[in-house]
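This report describes a protein chain for a reader working from the sequence and the coordinates.

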Amino acid sequence: MVKAREAFQKACALNESNGCFIMGRLWEKGEGGPRDIGKARDYYQKACDLNDGAGCFLLGFPNGTGKKEEDFARDRNAFQRACDLSYGEGCVFLGTLWYQGKGGPKNQKMAREYFQKGCDLQDHMGCFHLSNMWSKGEGGPKNQLKAREYFQKHCSYEEDSHCDP
């Protein structure tokens with residue numbers, strides 16, 4: 001694992017975004033060396049700066065527990081960048097922060113828009129959350145047919161025990 005870490009570090013130094021992303025994962029998990037969340041964030045940031053949506057997305061995670069409001073605001077920015085880079089999971093997590101009002105104002109209409117974008121990018125949880133919002137009329141009109149449509153999309157992207165066989 002040490003040699004792998006050296007190879008990915010070299011790749012990152014050459015501005016290969018995937019090398020930076022993998023180095024972030026290695027530091028975050030403590031594989032091939034000690035665990036260091038600060039270094040993990042630095043590598044995720046560099047991957048993000050190199051337009052790696054997964055790197056941007058993971059900037060929102062290695063923060064430990066007991067998050068403060070400013071942490072959620074930073075997460076919103078990271079998830080927004082990931083979403084802008086067409087990383088569906090970033091859109092879904094951004095939608096969740098809008099829905100919960102963490103890191104900024106609560107806005108169900110914005111949450112619905114980001115869940116829609118995540119679903120359009122084939123993230124099953126985006127479709128799932130969108131289905132719930134259509135079912136309850138959150139962030140827009142209530143429509144059970146749309147709710148069922150998006151739940152079926154969710155099921156087409158991910159096995160779920162609640163999906164019809």
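Of the 165 residues in the protein chain, 39% count as buried. The model is predicted, and the mean pLDDT of the chain is 92, with 96% of its residues reaching 70 or more. Confidence is lowest in helix α1 (residues 2-13), where the mean is 90, and highest in helix α7 (residues 108-120), where the mean is 98.

The secondary structure consists of nine helices and zero strands. Read along the sequence, the pattern is accordingly written α-α-α-α-α-α-α-α-α. The C-alpha trace spans about 55 × 40 × 25 Å along its principal axes. Among contacts in the chain with a separation of 6 or more, 47% come from residues 24 or more positions apart.

## Packing of α6 and α8

Two packed helices are described by the angle between their axes and the distance between the axes. Helix α6 covers residues 88-100 and helix α8 covers residues 124-136. Their axes come within 9 Å of each other and cross at roughly 35°. The crossing of α6 and α8 is left-handed.

Which residues in α6 and α8 meet? On the α6 side they are V92, T96 and Y99, and on the α8 side they are M125, G126, H129 and M133. By class, this contact of α6 with α8 has four nonpolar residues, three polar residues and no charged residues.

## Disulfides

A disulfide is a covalent bond between the sulfur atoms of two cysteines. The count for this model comes to five disulfides. With bonded cysteines counted along the chain, the disulfides follow the pattern 1-2, 3-4, 5-6, 7-8, 9-10. The table sets out the sulfur separation and the angle about the S-S bond for the pairs including C12 and C20, C48 and C56, and C119 and C127.

| Pair | S to S distance | Angle about the S-S bond |
|---|---|---|
| C12 and C20 | 2.1 Å | 95° |
| C48 and C56 | 2.0 Å | 95° |
| C119 and C127 | 2.1 Å | 90° |

The link of C12 and C20 is right-handed, and both of these cysteines are buried. The link of C48 and C56 is likewise right-handed, and C48 and C56 are both buried. For C119 and C127 the link is right-handed; C119 is buried, as is C127.

## The residue K39

Where is K39 found? K39 lies in helix α3, which covers residues 37-49. Why does K39 count as partly exposed? The reason is its relative accessibility of 37%, because partly exposed residues are those between the limits of 20% for buried and 50% for exposed. K39 and L26 are 13 residues apart along the chain, and their C-alpha atoms are separated by 9.7 Å.

## Summary

The predicted model is thus described by nine helices and zero strands, and by five disulfides. The disulfide pairs treated here include C12 with C20, C48 with C56 and C119 with C127.

Technical notes
Residues numbered from 1 in each chain as written. Predicted model: local features only at pLDDT ≥ 70, side-chain atom pairs only at ≥ 80, totals over all residues. Heavy atoms only, no water. pLDDT = per-residue confidence, 0-100. Helix = DSSP H or I, 4+ residues; strand = E, 2+ residues; numbered from the N terminus. Axes fitted to C-alpha atoms, helices over the stretch in contact; angles between N-to-C directions. Left-handed = near helix turned anticlockwise from the far one by under 90°. Contact = heavy atoms within 4.5 Å. Nonpolar A, V, L, I, M, F, W, Y, C, P; charged D, E, K, R; others polar. Disulfide = S-S within 2.5 Å. Buried < 20%, exposed > 50% of the residue type's maximum accessible area, 1.4 Å probe, protein only.
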